[in-house]
Amino acid sequence: MDYKTYIAAHLPDLGLPSEEIAAAIAVPPDSSLGDYALPCFKFAKLLRKSPALIAEELASSYETDAVIGEVAAAGGYLNFKVNRKRLAEETLARVGKEGARYGSSDMGRGKTICIDYSSVNIAKPFHIGHLSTTALGSALYRIFGFLGYHVVGINHLGDYGTQFGKLISAYKRWGNREEVEKGGIHAVNDLYVRFNNEATEEMEAEAREYFRLIESGDREANELFDWFKELTLSYVKKIYDRLHVTFDSYAGERFYTDKMQPVVEELREKGLLVESRGAQIVDLEQYGMPPCLILRSDGASLYATRDLAAAIYRKNTYDFDKCLYVVAYQQNLHFKQVFQVLELMGKEWAKDMVHVAYGMVSLEDGAMSTRKGKVVWLEEVISRCVEKALSIITEKNPDLENKEDVAEKVGVGAVMFGALYNNKIKDIVFSYDKALNFDGETSVYVQYTCARASSVLAKAREAGIRYENAPPSEVNGPEFELLKAIAEFPATVVLAAKNYEPSCIARFAVDTAQKFNKFYIESKIMGAETEELRAYRLRLTDAARTVLTVALGLLGIGIPEKM
RNA sequence: GCGCCGUUAGCUCAAUUGGAUAGAGCGUUGGUCUACGGAACCAAAGGCUAGGGAUUCGAGUUCCUUACGGCGCACCA
């Protein structure tokens with residue numbers, strides 16, 4: 001039941017379409033005022049009456065029914081109280097029926113959405129700066145899937161460029177097979193860092209030559225490159241598995257090697273390509289942007305060339321309705337340019353391209369720098385969080401079974417949640433103090449809340465108490481606050497998708513957990529005054545646990561039964 | 001220099017997209033434990049929403065402007 005639409009449909013004609021009325025309906029700051037409110041100020045001019053008077057007249061003429069139980073005017077606001085028992089019954093029935101699918105919908109049926117996220121670079125270990133795109137993209141993947149979209153997750157591998165020539169040059173100069181096999185991707189990265197520190201003109205030229213050899217299909221160069229790629233993929237696979245992140249495609253930059261030429265030709269045919277300072281560009285001056293570089297003066301392709309080819313390939317292959325790029329805001333201009341070029345090419349779907357930009361990560365003593373060794377590896381963050389979780393469990397709950405599994409859920413959850421809790425556009429200063437804090441607004445708090453709920457529900461099960469269809473017998477106080485939160489979940493999921501903002505769901509989870517804890521402290525569940533009340537509270541507890549499980553699940557975070 | 005983004009409590013952040021008295025967590029101070037799990041709960045203190053102007057019945061939210069910070073601006077990705 002959409003209450004806003006319902007209320008709008010039951011109001012007399014106010015000179016505005018009922019969709020607009022519904023959209024204007026707000027939620028009062030204090031629930032004792034009501035559950036919904038219509039601000040009447042905007043009707044004042046039209047009806048030539050004071051907002052207060054309009055609200056009063058509407059209040060007296062509104063006919064309450066089984067859905068809306070009470071209507072009152074307050075100042076210029078018209079406040080509605082819903083029939084709480086009905087809302088409670090409806091919400092709990094839906095949660096009970098839909099379970100793990102509560103909040104899902106089919107609004108995306110028949111629509112495809114491509115999401116480009118994580119997009120690791122070959123031969124580079126995962127550091128904390130790669131977490132945002134991975135966590136955000138993965139959460140969006142789940143959220144859109146939950147709303148019925150067909151989702152294509154794409155890891156646009158960074159596997160193209162002279163940097164790989166440098167890598168091969170460095171390996172041949174200083175590296176050997178045993179060391180790399182032993183040290184894995186970090187050993188490879190060390191070679192690359194050393195090259196950058198010691199590079200001379202001569203070495204740079206050698207690197208360019210090695211890159212050319214990769215391109216021209218030289219066997220040795222390609223074998224080395226493929227080996228580094230394999231090392232990288234098996235390394236990131238382990239991290240993705242721990243974070244529960246998945247992809248449908250690993251088509252990276254190299255994949256588009258043979259798909260760029262047709263794009264260049266199309267640009268030329270359409271008269272968009274012009275020469276400037278020896279390079280081939282698309283002029284974007286009239287759109288207030290610097291030119292988009294398509295070919296270097298030596299004829300080589302560029303970043304934008306590959307992104308154009310990739311966009312066109314994705315459209316042709318997946319026929320997407322939207323294509324998201326979960327990439328830091330550093331690249332705002334780049335995507336603006338690419339999208340503009342697509343539009344100039346006459347691709348009417350250019351409007352469906354979305355750059356989901358997020359903030360940058362730095363360390364407390366400034367920007368990260370691999371070369372200076374100022375870097376925080378993601379594996380280390382994960383293992384330290386899991387270790388911390390394990391030590392807390394060992395201290396508080398030494399007899400717990402599957403301690404390691406639980407610590408994994410808690411620790412990994414904290415890492416993911418930390419990346420998803422704030423608005424994505426905000427910059428993040430990473431600190432272990434914050435990452436290892438499991439108190440307050442964290443996934444651990446939500447998980448702990450669920451463990452409490454599970455514990456009560458287990459007691460009920462042991463006692464053989466049935467509560468599945470218990471009628472709502474208490475619709476005030478903390479019970480109702482919790483219930484309203486649960487009822488808001490489906491709208492929260494839609495909001496998160498609409499704004500490409502998984503933090504909506506993270507916030508929802510903490511907020512709902514807080515409401516559950518207030519309810520839990522203030523109301524005895526198993527020890528309720530009557531059997532009816534006990535059954536209802538158990539039903540509410542079960543629903544709260546379900547919605548919290550679904551919410552964290554959409555963020556890729558699991559919830560242990562006990563912790 | 002130009003463009004984009006940010007600035008809200010000591011710190012980290014919210015604020016239903018223009019609505020009623022700007023809310024949480026951390027930290028601080030003081031409370032609640034013989035318990036449905038204290039990784040919790042309650043309370044107190046803490047705000048001219050960076051400054052100024054404009055629009056509006058109404059602005060943290062929209063527009064202009066200033067300051068501070070981040071990012072970007074031609075052959076890296």
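**A tour of chain A and RNA strand B**

Start by colouring chain A in two pieces, domain 1 (3–82) and domain 2 (112–259 + 300–363); these bounds come from an automatic or database domain assignment. The C-alpha centres of domain 1 and domain 2 are 52 Å apart.

This is a predicted model, in which local features need pLDDT of at least 70 and side-chain atom pairs count only at pLDDT 80 or more, while totals for chains, interfaces and linings use all residues. Residues are numbered from 1 along each chain as its sequence is written, and chains are lettered from A and ligands numbered from 1 in the order in which they are written.

Next, colour by pLDDT, the predictor's confidence in each residue, from 0 to 100. Chain A has an average of 94, and 100% of its residues score at least 70. For the model, ipTM is 0.96 and pTM is 0.96.

Select RNA strand B and the residues near it (C-beta atom, placed from the backbone, within 6 Å of the strand). The selection holds 76 residues, and Ala37, Phe41, Arg296, Asn423 and Gly440 are the closest. Elements that supply two or more residues to this surface are β1 (36–39), β3 (77–82), β7 (279–282), α13 (332–344), α14 (378–396), α17 (443–462) and α19 (503–522). Helices (H or I, at least four residues) and strands (E, at least two) are DSSP runs, numbered from the N terminus.

Which element gives the most to the surface near RNA strand B? It is α17, with 8 residues. By class, the surface has 40 nonpolar, 21 polar and 15 charged residues. Here Ala, Val, Leu, Ile, Met, Phe, Trp, Tyr, Cys and Pro count as nonpolar, Asp, Glu, Lys and Arg as charged, and the others, Gly among them, as polar.

Axes are lines fitted to C-alpha atoms, for helices over the stretch in contact, and angles run from 0 to 180 degrees between N-to-C directions.

Show Val410, Gly413, Ala414 and Phe417 of α15, which meet Ser443, Val444 and Gln447 of α17. Contact requires C-beta atoms, placed from the backbone, within 7 Å. This contact comprises 4 nonpolar, 3 polar and no charged residues.

**Last stop: α7 and α8**

Select helix α7 (residues 162–174) and helix α8 (residues 177–198), whose axes lie 9 Å apart at about 100°. The pair is therefore roughly perpendicular. Residues of α7 including Lys166 and Trp174 meet residues of α8, among them Arg194 and Phe195. The contact of α7 with α8 has 8 nonpolar, 1 polar and 2 charged residues.

Technical notes. Contact = placed C-beta atoms within 7 Å. Parallel < 35°, antiparallel > 145°, perpendicular 65-115°, else oblique.
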